[in-house]
Amino acid sequence: MSTHHHHAKDFLFTYVFSQDHKMISKQFLITGFLMGFIGLIMSTLFRLQLGWPGESFEVIDMFMGSWAENGVMSPDRYLALVTMHGTIMVFFLLTAGLSGTFSNLLIPLQIGARDMASGFLNMLSYWFFLISSLIMLTSLFVEGGAASSGWTIYPPLSALPEAIPGSGTGMTLWLVSMTVFIASSLLGSLNYIVTIFNLRTKGMTMTRMPLTIWAFLLTAILGVLSFPVLLAACLLLVFDRSFGTSFYLSDIYIGGQVLDHTGGSPILFEHLFWFLGHPEVYIVLLPALGITSEIISTMSRKPIFGYRAMIGSMMAIAFLSFIVWGHHMFLTGMNPFLGSVFTFTTLLIAIPSAVKVFNYITTLWKGNIVFTPATLFSVGLVSTFISVV
Amino acid sequence: MSHTEELDNKELWGGGTSPFNAGYGKLMMWFFLMSDALSFTGFLAAYGFYRHNFSAIWPSAENVFTHFPFVHGHQPLIYVALMTFILIMSSVTMVLAVEAGQRMDKKKVILWMFWTIIGGLIFVGSQAWEWYHFIHGTDIGAFELGKGIYTLPDGTIEQTQGIIGRWKEGSNQTILELPWRSEVGNIASEYLTLSGQALTDAMANGQAIHGANLTHNEYGHPLFADFFFFITGFHGTHVFSGVVLNFIIFVNVIMGTYEKRGHYEMVEKVGLYWHFVDLVWVFVFTFFYLI
Ligand SMILES: [Cu+2]
């Protein structure tokens, strides 16, 4: 057993091609953190540019070299950095990094399963994530730079490869990367869902499950139902970019020349994008709500107040998050009546949110509170949550 | 009894309940299909959005899909109806295969899987045939008006971008029918037409169109062709993958893999996928051909 060959093999399957949920969780953690760190550097750089436009910075010169002549960022690179920062933070850190780390680590541990339902698909999920991260980072270095039409990649800027420098190869790689990312997210979420449904230990009925697991379950369901619509939006965009269709384009002139596109509307893209975009908010938030539920209950030395109401309100939030996407589109010229419908459904989310906040407060009430950093962060989340909502 | 490793796990950790009495693989398939359904919903909703937006000039499918193999003349939607029937029948044979699997009747599973695969292949082939005729178009073709603002004979000004005029039947390409009808009260009447000098003017910066592709479509609005190619293509890819999956499982059935395993759950899983693909086609068919 102790030949070199075996050592190498053991290393490979323990740390690299691991099918173990704890190892995969660590892989997600490290990759997610690295991506987050890169995103952080980007935001620092473009905020320097934003705060002191046109001024020369040594740090910009150091990081960006020829992309910033004399330490002054060019407008194209500024747009690319903003776009990449948004994309990396929203998708790679807060979606894959968060769910990939905590769902993988905690689901089997908290439901008493030996591992995820399918270790192989779990491994694939991580590798797809890593590949999509690498493609996204590579796009920084191609001709014209990375995608530059914002993390929401609205057409026509994203649909016409000749629109701005970042609309060329950079945008193509963005779309490729996100397609791989969606596959990763799908594989991960499917695994979380079926593991929670099928592999719970004896006696753990759905209403005895930790709230953290409930939150992860709903997060995974949101991902499974919303990311395919982003995939749909991206595929149509690929066709507009590369095959001359007009799904999002109409009456476009470039350099005085009318293009061959007719009839399409960028508002279609915005609908499809925000159908993912709003549930995405809760894909980011729900895991935190689940984890804080347990931290607050543990650190108050009390069971959570209104366990079933907590589940119900998370379900209500998850459901409502699918019918509010229009509140991101008030300025698009969308039918004003539709706007008021979306305002109404958005306001409805305040009800389950308020239920959750009352339950948090009531759990703390008369509790024997232990003030650990975890407690303070959790209380901080509750107060931020209620003041933002 | 020899089980797969997954089943052993399940027995060891057999707590909780398995919802719907399904193994995790089957459950995963269900959730995957829900996810896929949302992609199709996105496409079909987008189609509906434009179909509604351009309802006045949207081509009607019975004027587009009028061919039937080896038969001459006008056969609107007959062939697509046959295709749809064959696909639905292949779902029926799939149900029979699953049912035979539950009885551990290997011979019948082979038989019904075989017919399911044949049905799928006929469907994919038929779709290729439909595409061929759609791309090829009619002999007479149509005329796409030049871009810009244009004055119609009755004085109305219309945006002519992407507007397709079709040659009036029997006019020998001297009268072009525009996609608008003149309205008298509430009654829609004849199509507006162009002829003589007005036609010559219109033809100055337009172009003749034969058949359909992703930018031009002789049957009407280009977006009709865009969506037709995209959605039937996306669905066709699903059908083709389904045929491949069915074939792999079919080979496994013949090799006796599932007989040794003691259950035919894999047949049920590909069966779910196959029914889903059929169900989606019913929607695609309804959206493109019926309304
Ligand atoms: Cu929102």
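Predicted model: local features only at pLDDT ≥ 70, side-chain atom pairs only at ≥ 80, totals over all residues.
Domain bounds, as I use them here, come from an automatic or database domain assignment, and on that basis chain B is divided into domain 1 (26-138 + 220-290) and domain 2 (142-209). Residues are numbered from 1 along each chain as its sequence is written, chains are lettered from A and ligands numbered from 1 in the order in which they are written, and side-chain values use heavy atoms, with hydrogens and water left out.

Let me stay with the two domains of chain B. Six residues of domain 1 of chain B are in contact, meaning heavy atoms within 4.5 Å, with six residues of domain 2 of chain B. These two domains bury about 450 Å² between them, 59% of it on carbon and sulfur atoms, where buried area is the accessible area (1.4 Å probe) that two parts lose on being put together, summed over both. On the domain 1 side, Ile57(B), Gly220(B) and Pro222(B) lose the most area to domain 2 of chain B, together 66% of what that side buries. Between the two domains there are zero salt bridges, a salt bridge being a side-chain nitrogen of Lys or Arg within 4 Å of a carboxyl oxygen of Asp or Glu.

Now to the interface of the two chains. The contact takes 47 residues from chain A and 38 residues from chain B, and chain A and chain B bury about 3,600 Å² between them, 69% of it on carbon and sulfur atoms. Of the area that chain A buries against chain B, Arg114(A), Asn198(A) and Thr262(A) supply 17%, more than any other three residues. Here too the count of salt bridges, between chain A and chain B, is zero.

As for helices (DSSP runs of H or I, at least four residues, numbered from the N terminus), α6 (169-198), α7 (211-242) and α8 (266-299) of chain A each supply at least two residues of the side of chain A that touches chain B. The largest share of that side, ten residues, comes from α7(A).
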